[in-house]
Amino acid sequence: MIAEAGLAAIWLAASMALLQFIAGLTLLRAGAGQLAPLIKPAAYMQGALCTFAFFALMWLFYITDLSVLLVANNSHIDKPLIFKLAGTWGNHEGSMLLWVTILAVSGAAIAFLEKRIEAKTLSATLAVQGFLALGFFAFLLFSSNPFERMVPAPIEGAGLNPLLQDVGLAFHPPTLYFGYVGLSIAFSFAVGALLTNQVGPAFARAMRPWVLGAWIFLTIGIAAGSYWAYYELGWGGWWFWDPVENASLMPWLAATALLHSVSVLATRNALRAWTVMLALVAFAMSMAGTFLVRSGILTSVHAFAVDPERGSFILALMLMYTGLAFVIFALRIGTVKQGEPFQLLSREGGIVANNVFLSVILAVILIGTLYPIAVEALGDKISVGPPYFNKATVPIAVLLMLALLVGPLLRWRRDGLGRLKYWLIGAAAILLLSCLAIWKFAPEIGIFPLLGIALSSALAVAAWMPLRGRKLLRTPIPVFGMVIAHFGLAVSVFGMAAESGFSSETLTALAPGESAKVAGWEVKLNDVNPVVGDNWVAVEGEMIAAKNGNEFALHPQSRQFFKPPMQTSEAALLTRWNGQLYVVIAQPDQEGDGRWQVRLWWKPFVTFIWYGAILIALGGAIALLGRMGRRTKKPATNTWQTE
């Protein structure tokens, strides 16, 4: 009965979403709809019902109820508990239920917490949220029912994809979904403000915490996914420009631009059109990511292989939502005034430049991701890989970092470079000296790693410059958040550039007792032993890595799973302050002489990529806490108008 109760909860939640949408429409059309008092209660009920449905599905995975088709296809009686629970969202139907649950709970949170915008605008926002939820409820109920029964029930279950049987599954998808759904809230706020002619600072102040929260979760999710793929796939890379990786990066780029734009609108009453447009684009990118992952049109280690009919359903939802939103934007943008003017050389101008660079990178990645799909649909086949993305995006990223050296130091409204001449000279000196020092000690380094290290050095200094001359105890907390986030970006870029420019690799075959060298490390294979896990068997290498008289034990594995059958590599990682030794053992050498295939990498400062990402997310969290602490409890009056 648990499955049936969960399905009934989804139907009831869908009816609440419909009520929420209709009540909002009547309010917009009549000005004071009779159903208006039902909007908030409908949002609360929708959130509660979806939460019940999701926990019902999680319980079914916990008890391994194999009479439920989703559990039978994605779980196994012998699977460890953490993977049973994480399997709830480690599949198509469960992940979509998680999406809808977060969407519904977020709508309830808006209804309960938001008191800073006019009541009519809030109702319009909730109506848009209800409209978004309706489409996903229809998708669940008519195309992807997570509670469908299976008769007769199997004895064991098919098991979960071995690549997903990792602790990363427990937090990577949920954090990304919180980010995606946070952008849906920004979308709802933007459309609601357009419909009620309330695009102004109050709308931006209401939307900003949700955008910032979504951006933080996207940052954490992308970084976690990058590290998960790095150690789990055994390829030694931290970013592959895989289409599904791009599907998460594109919303982050749009959200980053939106975050800067909405802050300007909230505090300086400028960039109104930019803010609304970016809110629509950010959600469109999250929908595009959903389509790519679940349509079945991609072959990727990250993608859920789903039949094309479901992909067509998601595509139809994406086109409907984004199409209607941009039609409303086109019809209503003429009523949105420009806001306060500013000169090109100003903090606002720097943020516009930031948005332009981010938008260009977004466009380049979008084209590179979708073009092969379009070509294949026409009967041909083409591959767009890292060479295209690196050559097309890195030069723009260099310009973006150059802008970051100056932009945060500019004054609002208007400024002059003369005031910053000493910093400009200092930044140029840092860049020049860094380039000369790196080139002297590593003349073989490529141009982009060289520029990356030099720019990250200058940005690491520039990040702290906004605190110069301030009384720190009186400095707003969000300023500290901005500083830490920008410093984190410098740390990540340094890690990317160092790993790209100085990585060393050795591919060899070793017999027990033999050793190989990589970047000053000597790695010896002592023995290879069988190992048995909960639902896999493996061969495990006993290895010793030695350098400068220090020795460290390493235990890489080559695992064989049975439910479903798949072979995976479990890399052994040795982390030092200046890099990471990455060791993978594979199958016996084909010559049958007792040797084992071994691959060694030394990756200088590669961990800085994720340390920087943690700092970026931490900076965002500090800024969010500062904003929430300063937020007023006084509700907006209904007579305030921005236009």
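Which residue takes a positive phi in the hairpin of β2 and β3? The model is predicted, so local features need pLDDT of at least 70 and side-chain atom pairs count only at pLDDT 80 or more, while totals for chains, interfaces and linings use all residues. Residues are numbered from 1 along each chain as its sequence is written, and side-chain values use heavy atoms, with hydrogens and water left out.

The chain contains 17 helices and 10 strands, which are DSSP runs numbered from the N terminus (helices H or I, at least four residues; strands E, at least two). For 643 residues, a compact globule would have a radius of gyration near 26 Å, and the chain agrees because its own value is 26 Å; the radius is taken over C-alpha atoms, and the globule rule is 2.2 Å times the number of residues to the power 0.38. Of these 643 residues, 55% count as buried, that is, under 20% relative accessible area with a 1.4 Å probe, protein chains only. Among contacts (heavy atoms within 4.5 Å) between residues at least 6 apart in sequence, 73% join residues at least 24 apart.

The question concerns strand β2 (residues 515-518), which pairs with strand β3 (residues 521-532) in the antiparallel sense over 4 bridges; pairing requires that DSSP finds at least two bridges between two strands. The hairpin has 2 residues between these strands, and Ala519 takes the positive phi, near 50°. Within this pair, Lys517 stands opposite Glu522 of β3.

Strand β3 also pairs in the antiparallel sense with strand β4 (residues 536-547), over 10 bridges, and a hairpin of 3 residues joins β3 to β4. Here Glu522 has Ala546 in β4 as its bridge partner.

Definitions and conventions: Buried < 20%, exposed > 50% of the residue type's maximum accessible area, 1.4 Å probe, protein only.
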